[in-house]
Amino acid sequence: MSNLVVETAGLRKDFGSIQALNDINLYVQEGEIFCIVGPDGAGKTTLIRILCGILPLSEGNVKILGRDIQKEKQKIKPNIGYLSQRFSLYGDLTVSENIDFFAEIHKEKDFLKRKEELLNFTRLAPFHERLAEHLSGGMKQKLALACTLIHRPKLIFLDEPTTGVDPVSRRDFWKILATLLKMSITIFLATPYLDEAERCTRVALMNKGKVLICDEPGAVRQSIKEKVIELITGNIRLSATHLHDLKEISNVQIFGDRLHISISNVQVALAAINRVCEKANIPIISYREIIPSMEDAFISMLPKS
């Protein structure tokens, strides 16, 4: 497979007796926006820190931009960017000064034109003299991204860049990422948000240090073997409690004001649902079979509790 920028084979990471990553086999092609998604503790940050050369691996092999991360880390570093969960902006420096600082760290010379491009690109130009500590959460993330890009990396790693950011800023951030792809920058992204995974070229669902599936978003959704019913009742939480233990149902999840119910046989399950709701005096308002979401697919792969 040509133009691979990330390759892992049999990657394992242990912290003492704790196995954080187990047999991770992934590849990322040039020009992709590749996403790993999973809950806290899934191993997303550990994986990214290994791929950036920050953490040593316990077993396996990792190649970044065709080079072995264990043998050629110093040759890899100038070509990658890393935006961590807690990116270290300096609050007492202005937007412009923060970018200058990171340019100096990367030993960039004659970067003023590049800085101007990034300020305009991230729409931070009007705020270039504002102290970083006075920026909104979304603007801080844009500044962090500008600092990550100042040395023109070929590959960037973003660890949950939109966590805690308001919806409008999240949307703007994703517009910026889409533009980066047009600039031939490959993006490796970690996120807890399954809706963000839908926007990526390919997605790897992770849980407890393992990759459950890695494919295009549509293929991940289609991997679910069961049918999904959307159910609206007069009392969603009470309905979920009563339906949870039905043998005709594999899984029940609350999605706002409705339930997503995974089942094998629609007619048999609906009969059981009607029976339980009638007995509990819970009115059924509507139900319909729906196309499974990314979250439905992810939940279907988790071990049944």
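Predicted model: local features only at pLDDT ≥ 70, side-chain atom pairs only at ≥ 80, totals over all residues.
Strand β9 comprises residues 202–207 and runs parallel to β3, to which it is joined by four bridges. Strand β3 also pairs with β8 (residues 186–191), again in the parallel sense, here over five bridges. Within this pairing, F34 has F188 of β8 as its bridge partner. Strands of a sheet pair through backbone hydrogen bonds, in either a parallel or an antiparallel arrangement.

Strand β3 itself spans residues 33–37 and is mostly covered, with five of its five residues buried. The side chains are divided between two directions: I33, C35 and V37 point one way from the strand, whereas F34 and I36 point the other way. Burial applies to both sets.

A separate pattern of pairing is found in an open sheet of four strands, which has the order β2-β1-β4-β5 and antiparallel pairing. The edge strands are β2 (18–29) and β5 (67–68), each of which pairs on one side only. Strand β1 (residues 4–15) is paired with β4 (residues 59–64) over five bridges in the antiparallel sense. In this pairing, I64 of β4 is the bridge partner of V6. Helix α1, formed by residues 44–51, packs on the sheet and touches β1, β2 and β4. The direction of α1 makes about 120 degrees with that of β1.

Helix-to-helix packing was examined for α3 and α5. Helix α3 (residues 95–105) packs against helix α5 (residues 137–149) at an angle of about 30 degrees, and their axes are 8 Å apart. Because the angle falls under 35 degrees, α3 is roughly parallel to α5. The crossing of α3 past α5 is right-handed. Contacts between the two helices involve V95, N98, I99 and F102 on the α3 side, and L143, A146 and C147 on the α5 side.

The loop between β7 (155–159) and α6 (167–182) contains T162. The relative accessible area of T162 is 2%, so this residue is buried, the cut-off for burial being under 20%. The side chain of T162 makes a polar contact with the side chain of E196, at 2.6 Å. When residues up to four places away in sequence are not counted, T162 touches Q141, R170, F173, W174, Y193 and E196.

Definitions and conventions
Residues numbered from 1 in each chain as written. Heavy atoms only, no water. Pairing = 2+ DSSP bridges. Contact = heavy atoms within 4.5 Å. Axes fitted to C-alpha atoms, helices over the stretch in contact; angles between N-to-C directions. Buried < 20%, exposed > 50% of the residue type's maximum accessible area, 1.4 Å probe, protein only. Polar contact = N/O pair within 3.5 Å; in protein donor to acceptor, adjacent residues only side chain to side chain. Parallel < 35°, antiparallel > 145°, perpendicular 65-115°, else oblique. Left-handed = near helix turned anticlockwise from the far one by under 90°.
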